[in-house]
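The tour goes stop by stop, and each stop says what to select.

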Amino acid sequence: MYEGLDLNVTWFVLIGVLLTGYAILDGFDLGVGSLHLLIKNDIDRRIALNSIGPFWDGNEVWLVTGGGALFAAFPDVYATFASGFYLAVMLILMVIIFRAVAIEFRSKVESATWRKAWDIAFSISSIMIGLLFGIALGNVIIGIPVGADKEAYMSFFDLLNPYAILVGITTVALFMMHGAIFLVMKTEGDLQKLVRGWVNNTIIFFVICYVTTTMATLIYVPQMASVLKSHPEYFLIAILNMLAIANIPREIFHGREFRAFLSSAFSILALLALFAIGIFPNLLSSTIAPEYSLNIYNASSSRTTLEVMFTMALIGIPFVLSYTISIYWIFRGKVKLDNTSY
Amino acid sequence: MDVEILSRLQFAFTIGFHYIFPPMSIGLGIMLVIMEGMYLRTGNKMYEEMTKFWVKIFALIFGMGVATGIVMEFQFGTNWATYSRFVGDVFGSALAAEGIFAFFLESGFLAILVFGWNKVSSKMHFFSTIMVTLGAHLSAVWIVVAGSWMHTPAGYRIVGEGLEARAEIYDFWAMVFNPSSVERLSHTIGGAWLTGAFLVLSVSAYYYIKNRHIETAKTGVKIALIVAFIASLYQLYTGHSSAVQVYEYQPAKLAAFEGHYETAPGDLYLFGWVDEEKQETYGVKIPGMLSFMLFFDTEKPVKGLNEFPIDERPPVNIIFQTYHLMVAIGMFFIGFTALGLFMLWRGILFKQRWYMFIAVFSILLPHIGNQIGWMSAEIGRQPWIVYGLLKTKDALSKTVSSDEVLISLVMFGLIYLLLLVLFLFLLNKKIHHGPEDYKLIAAKDEMISTKEAH
């Protein structure tokens, strides 16, 4: 089936699509969570929480499906990554658990202390998820010590190198910007005025991080730069990305929040596209020897599995898109609290 | 302790804790479809408030299922990396299918189910309830298919040798419909229906005893008893066909269920104890009944554990006990629900406080049944992780140390304990609050509509 199609490349792209979908969609609800404690009163916090109420769970499914697809298409990458980053993955999982229950539990009890405790859990876990995924991404960019046996022996503290932490902070900033724009779309009145002010601050925070990360990447990760040298056309993506970011304050100023949101979504897409172009065809580059790197060919499943999964994706994608679009359509507009809200 | 024991403990603990929730969502989903369907059919406000009440409970349970489920998705890679490399072709595709076909469906329509009461028409809402329930069932389908393949691998070939060996699919549908998929799935889903029905039964009986929401409580008891009775008979059937299937494909497991060492006509124990050292089983038994169950012939010999090398036998006494307790619980369900329905038919059910009292506590039984049923199945697979192909001890992550697993195990232990306490606290709070008074709401609606008419 699918003769003439390089399914290994196809699955590299499809997993990229799933993880980009995750970053764009869960990105805004993580961003809303990261900013949560800046909101002061209970009603406004509930509005913020309910702005992501119907969506956050579905957004997380992109990660779950991305993880499943990685397991199926590139089992060695899934195995090396998850076992090599053992404690970091465990930490992410625990933080994800805390965040999910914080959203679920927070408004179920009237007590102010109860709500405050879950607000803090929700916000810190939202920041931590962005930070930890960013740190993981940073380590994937600089490479990890994959050996001849495809295993990577690392300690938790090896992961906390300055470059990876920088990527982690950039991710948090990106999600905060993205989340702030989403909140402007979903709120009105005084709360919206407050949130509108955050948009500019988060853009500045993000741009500073982004520029620093870009410089650090060019200096410390020359293989990423060499791709741009040999294919200067990819600079276009970087330029479009800058234009998209620059467009955000303009759209916000004109009150066109949805367009601002699309711009920041595009920015996330562009950043992950640059990352994917930079690492291709490797998925995990080895810092021990280039030939040990796990790439889309030496770490993949059989052709049959890639074919079966591709068929599943072709059948599944129209459904997934239709649910996703319907839900965002049904729950469009400003948040109104009612008896079904969190 | 070594990495193998710790990793097995962690997997058993996290999957066991997770598995408190999905059977409740699957089973409660069915109950919601019935309740909301009755509302649409009759227009009776009582069903509407009943549905709304149970949707709130459903959302809480679902949230716990999601939170604890995401761990499972990644735990194959973290602790069982060698296994993941070996089965990625097979197991990964089932997990990915679960994401694409079940989780997106479930989570999308869940938003409408929980938050959409005022946003969509009542028919659209009912449709969403059905879709969420369907999604919950589909997710069971894919994960049980993947799990069943570990018991009865099919549709694969082994490629490579030694370190590089791995299972590759050559026939996807043979993998999906491997010999134990259908039986295991039927039995798992039946257990989930029982769990949902007993949850509604338990809470409704509680209201009845406390003399609150009487009409809702009576209706809840009736619906739950009917579903539970059907599901418990269905479990008898699927349980039997599972046992026949286990004997065919994993005879060592079935022999261990009954503590059956010598190949001879098999006896069926009601309860007992296996002395693994002396290889003797003591207890109350029906002679020849195991043979009869498998072959409809009390004389036909059943393969005993002695046919298998010691290092290919599962631990015997523990799964003897879990298996027999599961069967006993199943029998109790049939008796208890049949009695309840009989008394309902004679019009004396709601005079039996003792029955309602047992019903309140009966919610623990399907949970115990689910947990020990899985223990029987999975411990019975040992020492294999993939039956006949890969041993559990050879499937671990090579890069993970016992200290690391100990840290994560302790963390999971503490976090899950906290979650359990909070979950029970909130569940209790919701149950105490109960459904809204439908008569009050109906009266209010009438007032508004008469006002508008003037």
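Predicted model: local features only at pLDDT ≥ 70, side-chain atom pairs only at ≥ 80, totals over all residues.

Select Q382(B) and P383(B); the peptide bond from Q382(B) to P383(B) is cis, and its omega is near 0°. P383(B) belongs to the loop between helix 13 (364-379) and strand 7 (384-386) of chain B.

**Positive phi in chain B**

Stay in chain B and select H213(B). This residue is in the loop between helix 7 and helix 8 (214-249) of chain B. H213(B) is not a glycine, yet its phi is positive, about 45°. Is H213(B) buried or partly exposed? Its relative accessibility is 23%, so H213(B) counts as partly exposed.

Next, select Q279(B), in the loop between strand 4 (268-275) and strand 5 (280-286) of chain B. Q279(B) is a residue other than glycine with a positive phi, near 55°. With a relative accessible area of 28%, Q279(B) is partly exposed.

**Two helices in chain B**

Select residues 181-209 of chain B, which form helix 7, and residues 402-433 of chain B, which form helix 14. At what angle do helix 7 and helix 14 of chain B pack? The angle is about 50°, and the axes are 11 Å apart. Helix 7 of chain B is therefore oblique to helix 14 of chain B. The crossing of helix 7 of chain B past helix 14 of chain B is right-handed.

Show side chains to see where these helices meet. Helix 7 of chain B brings V203(B), Y206(B) and Y207(B) to the contact, and helix 14 of chain B brings K430(B), I431(B) and H432(B). Sorted by class, the contact of helix 7 with helix 14 of chain B has four nonpolar residues, one polar and one charged.

**Inside chain A**

Move to chain A and select N139(A), which is part of helix 6 (residues 112-142) of chain A. The relative accessible area of N139(A) is 3%, so N139(A) is buried. Which residues is N139(A) in contact with, leaving aside its neighbours within four places in sequence? They are F85(A), I144(A), D158(A), L159(A), N161(A) and A164(A).

Now select A88(A) in helix 5 (residues 86-105) of chain A. A88(A) is buried too, because its relative accessible area is 10%, and buried means under 20%. Not counting residues up to four places away in sequence, A88(A) touches F156(A) and L159(A). To try the distance tool, pick the C-alpha atoms of A88(A) and Y220(A): they are separated by 23 Å, while the residues are 132 apart along the chain.

**Where the chains meet**

For the last stop, show chain A and chain B together. How many residues of chain B are in contact with chain A? There are 74 in chain B, in contact with 67 residues of chain A. The size of an interface is often given as the accessible area lost when the parts come together. Between chain B and chain A, the buried area is about 6,100 Å², with 74% of it from carbon and sulfur atoms. Finish by selecting R85(B), F104(B) and F115(B), which supply 14% of the area that chain B buries against chain A, more than any other three residues.

Note on methods. Residues numbered from 1 in each chain as written. Chains lettered and ligands numbered in written order. Heavy atoms only, no water. Axes fitted to C-alpha atoms, helices over the stretch in contact; angles between N-to-C directions. Helix = DSSP H or I, 4+ residues; strand = E, 2+ residues; numbered from the N terminus. Parallel < 35°, antiparallel > 145°, perpendicular 65-115°, else oblique. Left-handed = near helix turned anticlockwise from the far one by under 90°. Contact = heavy atoms within 4.5 Å. Nonpolar A, V, L, I, M, F, W, Y, C, P; charged D, E, K, R; others polar. Buried < 20%, exposed > 50% of the residue type's maximum accessible area, 1.4 Å probe, protein only. Buried area = accessible area lost by both parts, 1.4 Å probe.
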